[in-house]
Amino acid sequence: MRFTSIRQKASLSIFAISVVAFFMVGIGWQSMRVSEASLSEFESETLPEISTSLTLAEGVAQLAAIAPYTAGSGRPFQLQTESERIHRRILELRGVADSLTDSVFQRDIDERLDDLQTTLEELVALVREELYLREDSLAQQFRIRQLPLHEENSAQVNSQQGLVWLLQLLESPSLVPESILSTLKLSEQNEQIASIADDLLMAHRRLNQIQERKNYLLISIRAKSEQLSKQVSDFVGGLQKKVSRQRQDVSSFVDRGQNWIIGISVFLLLGLTRLYWYSQRMTKDLGVVTNDMEQLSLGRVDSKHTGIRRNDEIGTLADTFEVFRRDALRRLEVTAELSEQKRLLETIFDNMNDGLSVFSAKGTLVAWNSGYQKLFDLLDDDLSVGMSIDEVQTLINRGQHKNLNLENQQVHMEEVNVSRHLRFQSFERHFDSGKIIEFRSKPMPEGGFVTLYTDLTERKSVESQLRQAQKMEMLGQLTGGVAHDFNNLLAAIMGNLQMLSDSRPQTSDQARYIERALVVSEKSSNLVQRLLAFSRRQQLFPVPIAIDDLIEGMLDLVEYSVGSHIVVESDLQCPGVVSLIDPSQLENALLNLSLNSASAMPDGGCLAFSTKLCTLPDSDVPAIRIRVEDSGEGISEDVIGRIFEPFFTTKPVGKGSGLGLSMIYGFVKQSGGEIKVTSEKGKWTRVCLFLPQQLSPIDLVSPDTDPQQEVILLPEHSLVWLVEDDEEVCRVMREQLEKMGFMVQSFECAEAVMNGLSKAMVPDAIVSDVNLSGAMSGVELAHNIRLQSRNFTGPILLMSGLPKDELKQKYQLKDDDLFISKPFTIKELSRIFQIKY
């Protein structure tokens, strides 16, 4: 074999690369020229289209101009000439339209020409009918002249009637014939005169109809002509813009391409020069290294180092001589390291908490660890290398059990054993003893599979406890929701019973019955208090947060969670708008909604987030609307009404707990907002969260110990204003206060109290419920009076059936506000309001 030096090979390679590079530059330059030629060809194809369109527009305009001449034809032969002229024009226009290359535009033009031709044909038909009617009038004229003159039957027309007819000819010409017929009573004359009069009247009416229809058709022809001309103008304008845009794009592309080609050519020339110089130096050093390696291969280990210092492959090759010397020592070190790694892997393998087994491609046992034996209670003598998978499964299948996949569906081990060699398999084995083991098998590249066994008994137990806790929390929310109404009812019942107990005279039976009812009411009150204690709301950590920033910050997480097959879009229109909420809870809610949407779009779709300023539904409170919309399967009408029910779900068993939307509903409600869900089956689902805006800074304070209830001293016959929207509770409290010696004036809402303070007598004290029917709560009423009213400085006692902690969060109740919990007895009320003598 002929020896060829690397230097010669490198030189040849550089030359070949240079030829190819310059050839590519030439091709690129030629491509630019072809692009310009293509543009010219495109323009040559488009310009005839524009010319044809303009010709078509001109022809339509001429056709519209012929229509008035046709309508005014006074002779049949003239009408025939105009009709043939129109027909020729239509044929010419259709020929022009057929030459258009745009099929859609051509089809549209053909439809408009059909419509225009139909209208013109109707116009010609009306003119022809008009000419026929006028020819018939000549025959009627002959009949009139043949009538005998009878002076005794001739009607006299006075000058006034003649003037009236002349006036009608100016104002309403169509009414003159009927007026003449009626005045002269021509229909009452002999049969011949009546027949001629009726025929002339009918002809006159038909001529009027024809004239009106002709006018309408002329206007319609002009409008259709203008519409078609406008469509042609728009089409031509689009073609011109397209040509201009194409010309600009090609010119820009050609200019950039030429600049890039010139730059690449210069860079390539410099690079080739540098490569040639470097290859000369490289081949020289490579020759030195090759000579030293040749000496080493001949057994001359005492050869000197080449002395070449390079930071590339040749420098590495130059150091090979020293590497070979240290190879023996290094080999001993590597052997020791491999032994250590082997011991480490064996230690990890044997001390894994999970079980592990390895089966070969033939289905025989290869390896296992001690965790595998512990999970299935196997002895050391039970397993051996080479056992078939059937023998091993006979050992680990002892005890009643069932194999379930993630969807809680039964799986068959025969199918699993076959699939293990091909793809990942996962299922759970549930023993009747309560033990649950998860099997996760993965095939190995060289054949066989590895299985990891995990004891899920404890984790499943914790998950069960968690589900139970969620159920209890939902039950707490339900009981807390009705506690306020129960307390109002109990307040009315207990108040009436206490006043009935204090009334006289009473029989012993009546007193006993009243006492029993009071005892039962007290027990009911204690029961409601226990329910309130059980229904303690989750602790939120609200902070002022910008909603748009929060959503924008979690879009990456949403895109990762829903998968790449779903497009995530956002339209955030509330920059800088702040709401006082728990950001982590809102993020969990949005992520939960995103996962629900992803489940509804298994084949992909669009998930959109948007924000908008609004007010809370059925309120004027400023709010932020967060909308989460997907293009998934949608929700049917019979299901959408139950989506917020705890534990209600349409997903298969094991795919959902049914608590997601219920938890979101509770969070939004607890934050003072609203949630609405709308959907169209098979098309989309839209979830809207309405959260109140924070318009002013809010100081969050930690709940402190309730202060000692203060005593309110009032003079006898003091005026007390009672603010309560529940009629029964208001009636009972009014009577209780009056029985204590006070004058009472009741109000249903806080707005009426604020209006009364500016007009009526100022009271000595105010007792108000927190939750009122108006827009203002009792807490807001108390705070507004303190800030705005200068006339009233007396005490304000607030009352509610809700827990005080919840009132602090929901109504901003302060620690120094006077407060009493419903239901309360008249004795508790008397300890607060005391008469000052």
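What share of the 837 residues in the protein chain do buried residues make up? Buried residues make up 37%. Here buried means under 20% relative accessible area, exposed over 50%, and partly exposed in between (1.4 Å probe, protein chains only).

## The model and the chain

This is a predicted model, where local features need pLDDT of at least 70, side-chain atom pairs count only at pLDDT 80 or more, and totals for chains, interfaces and linings use all residues. Residues are numbered from 1 along each chain as its sequence is written, and side-chain values use heavy atoms, with hydrogens and water left out.

The protein chain has 24 helices and 20 strands. Both are DSSP runs numbered from the N terminus: helices are H or I with at least four residues, strands are E with at least two. The accessible surface of the protein chain comes to about 50,300 Å² (Shrake-Rupley method, 1.4 Å probe; for residues, only the protein chains shown count as cover). Carbon and sulfur atoms hold 55% of that surface. Take contacts (heavy atoms within 4.5 Å) in the protein chain between residues at least 6 apart in sequence: 67% join residues at least 24 apart.

Two strands pair if DSSP finds at least two bridges between them. Axes are lines fitted to C-alpha atoms, for helices over the stretch in contact, and angles run from 0 to 180 degrees between N-to-C directions.

Strands β1 (residues 355-359) and β6 (residues 449-455) are antiparallel and share five bridges. Serine 357 has threonine 451 in β6 as its bridge partner.

## The five-stranded sheet

An open sheet of five strands runs in the order β8-β10-β11-β13-β12, with mixed pairing. Its edges are β8 (566-572) and β12 (674-680); each has a single partner strand, so one side of each lacks a neighbour in the sheet.

Antiparallel strands β11 (residues 622-630) and β13 (residues 684-692) are joined by eight bridges. Aspartate 630 pairs with threonine 685 in β13. Helix α16 (residues 555-562) packs on the sheet and touches β8 and β10 (605-615); its direction makes about 155° with that of β8. Helix α17 (residues 583-600) lies across β8, β10, β11 and β13, at about 25° to β11.

## An enclosed strand

Five of the five residues of strand β17 (residues 765-769) are buried, so the strand is largely enclosed by the rest of the structure. Ala765, Val767 and Asp769 point one way, Ile766 and Ser768 the other.

Four bridges link β17 to the parallel strand β15 (residues 719-723). Valine 723 has serine 768 as its partner. β17 also pairs in parallel with β18 (residues 796-800), over four bridges. There, valine 767 stands opposite leucine 797. The chain crosses from β17 to β18 through helix α22 (residues 778-788) in a right-handed β-α-β crossover. Right-handed means that, with the strands pointing away from the viewer, the path from the first strand over the helix to the second runs clockwise.

## Nonpolar cores

A nonpolar core is a set of buried Ala, Val, Leu, Ile, Met, Phe, Trp, Tyr and Cys residues joined through side-chain atoms within 4.5 Å. The largest has 37 residues; Ile109, Leu120, Leu123 and Val232 touch the most other members. The largest share, 11 residues, comes from α3.
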